[in-house]
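Let's take a walk through this structure together, one chain at a time. Keep the viewer open and follow along as we go.

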Amino acid sequence: MRHIAAADTGDEEGEGLLVRRIKNGTVIDHIDGGEALNVVKILGIAGTTQEALSIATNVPSKNMVKKDIVKISNRELSKEEVDRIALISPNATINIIRNFKVCEKEGVEIPTMITGSVRCPNPGCITRTNEPIKSRFAVLPGGKGLRCLYCDSVITKDLTSYII
Amino acid sequence: MSFESAMARLGGSSISVSSVEACSMAKGETLADTIRVVSGYADAIVIRHPKEGAARLAAEFAKVPVINAGDGAGQHPSQTLLDLYTIRQSMKIDGIDVALVGDLRYGRTAHSLASALALYGVRLHTISPPGLELPPALVSSLTEQGMEIIEHDTIEEVVRDLDVLYVTRVQRERFPDSTSYFNVASSYRITPELLAGARKHLIVLHPLPRVDEIDPRLDASPHAKYFEQSKNGVPVRMAMLLDVMK
């Protein structure tokens, strides 16, 4: 028998677990289909890692047709990380797992401001220099893009390629 | 120079740093540090900088008011204030037809002026070489504010409908070779003949310096207001300095 929350399994079709449960950590569920690797990038996992990481992409979902899931052991996400995930996957849910149980489950909210985690696409922007400042972007209404607060450049496409 | 003139006429003095070599930035100092230091030397900072957003950064680190006198290809708001003042001397701004001509992509005076004109219900006409059109993000912002923007291929097709013709310099470095530059530059040249069918009250503005964009024969025309515009830079900048330092 397996009595765990659906959010922790990616098992909404009842065809068995895709990956093992985690004891402690975070399950990011309902990621837009195909965006899981970008979520992993946001989490800063690009090379060697100590954490147990499971990624499921384009799995069947009742509500989303296809969704991605990322499970990461022994790590709880910061607000900044959750905000960045919201930008590329506004339907994602964040499940905090402690001792195999979902202790917290929250949707993500598109923030109004993004600081320090997105590179301005404009090479002439002052944020692309060695000045002691972080990039700052206002999120456009509906999360349709980002506007640099320094040079007013707008990012509407391929946002993940600008994530630092 | 006009800010220095403005400050002198207000009875104050100014310390000018006209090149990176003349300050500690040549030694690798950041703009942020330079601004912190200069904040202790002056009652206001007027900054012109090649990077977009530099003035905003300066305002974050300064302890005194900062005026943006041009940031890269970004904005030039003090020029816009004197542009508006010059237009207002000739006509009401609300609802008029204004054409922006030249390098509208990198032309910071055009960016700031277009943004300001959106507040007056102005119909904006743009004439620029391919690749040098207004930045799409700015166009989106302006149209969201309800501004009507009409692109034209030539000045001739719209000149009869204009109240203001705002000409900017097309910079040679934007083109792959001299021939391409001269071909484009000549097609955007304002001449007395071009304005023959224009409205009587049309005014021609230019932020200066000009190169070949405006035929010198036009200087004596009642349409030509660019030197008056330049002169207006002093009282407008006096007003700005007074306002930020009071």
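In chain A, 62% of the contacts with a separation of 6 or more are between residues 24 or more positions apart; two residues are in contact if their C-beta atoms, placed from the backbone, lie within 7 Å. Please keep in mind that this is a predicted model, in which local features need pLDDT of at least 70 and side-chain atom pairs count only at pLDDT 80 or more, while totals for chains, interfaces and linings use all residues. Residues are numbered from 1 along each chain as its sequence is written, and chains are lettered from A and ligands numbered from 1 in the order in which they are written.

Let's stay with chain A. Of its 164 residues, 33% are buried. A residue counts as buried if 20 or more other C-beta atoms lie within 10 Å of its own, as exposed if 12 or fewer do, and as partly exposed in between, with C-beta atoms placed from the backbone. Chain A has 2 helices and 9 strands, where helices (H or I, at least four residues) and strands (E, at least two) are DSSP runs numbered from the N terminus. Along the sequence they follow the pattern β-α-β-β-α-β-β-β-β-β-β.

Now find strand β3 of chain A, residues 65–73. Strand β1 (residues 25–32) of chain A is joined to β3(A) by 6 bridges, and the two run antiparallel; strands are said to pair if DSSP finds at least two bridges between them. Here G25(A) stands opposite S73(A). Strand β2 (residues 53–61) of chain A also pairs with β3(A) in the antiparallel sense, over 7 bridges. β2(A) and β3(A) form a hairpin, with 3 residues between them.

Further along chain A there is an open sheet of 4 strands in the order β6-β7-β8-β9, with antiparallel pairing. Its edges are β6 (113–115) and β9 (154–155) of chain A, and each has a single partner strand, so one side of each is left without a neighbour in the sheet. Strand β8 (residues 146–148) of chain A is joined to β9(A) by 2 bridges, and L146(A) has I155(A) as its bridge partner.

Over to chain B, which has 8 helices and 7 strands. The radius of gyration of chain B is 19 Å, close to the 18 Å that the globule rule gives for 246 residues, so chain B is as compact as a globular protein of that length. This radius is taken over C-alpha atoms, and the globule rule is 2.2 Å times the number of residues to the power 0.38. The C-alpha atoms of chain B fill a box of roughly 55 × 40 × 40 Å along the principal axes, and 39% of the 246 residues count as buried. Chain B is divided into domain 1 (2–72) and domain 2 (77–230), with bounds that come from an automatic or database domain assignment. The C-alpha centres of these two domains of chain B lie 29 Å apart.

Chain B has an open sheet of 5 strands, ordered β5-β4-β3-β6-β7, with parallel pairing. The edge strands, β5 (148–152) and β7 (203–205) of chain B, each pair on one side only. From one strand to the next, the twist averages 20 degrees. Strand β6 (residues 164–167) of chain B is joined to β7(B) by 3 bridges, and V164(B) has I203(B) as its bridge partner.

Which strands does helix α5 of chain B lie across? Helix α5 (residues 108–117) lies across β3 (97–101), β4 (123–127) and β6 of chain B, at about 165 degrees to β3(B). Axes are lines fitted to C-alpha atoms, for helices over the stretch in contact, and angles run from 0 to 180 degrees between N-to-C directions. In α5(B), 8 of the 10 residues are buried, so this helix is largely enclosed by the rest of the structure. Among the buried residues are H111(B), L113(B) and L117(B). Their cover includes β2 (66–71), α4 (77–90) and α6 (136–144) of chain B.

Finally, look at where the chains meet: 13 residues of chain B are in contact with 15 residues of chain A. On the chain B side, α2 (31–39) and α3 (54–61) are the elements that give two or more residues, and α3(B) provides the largest share, 3 residues.
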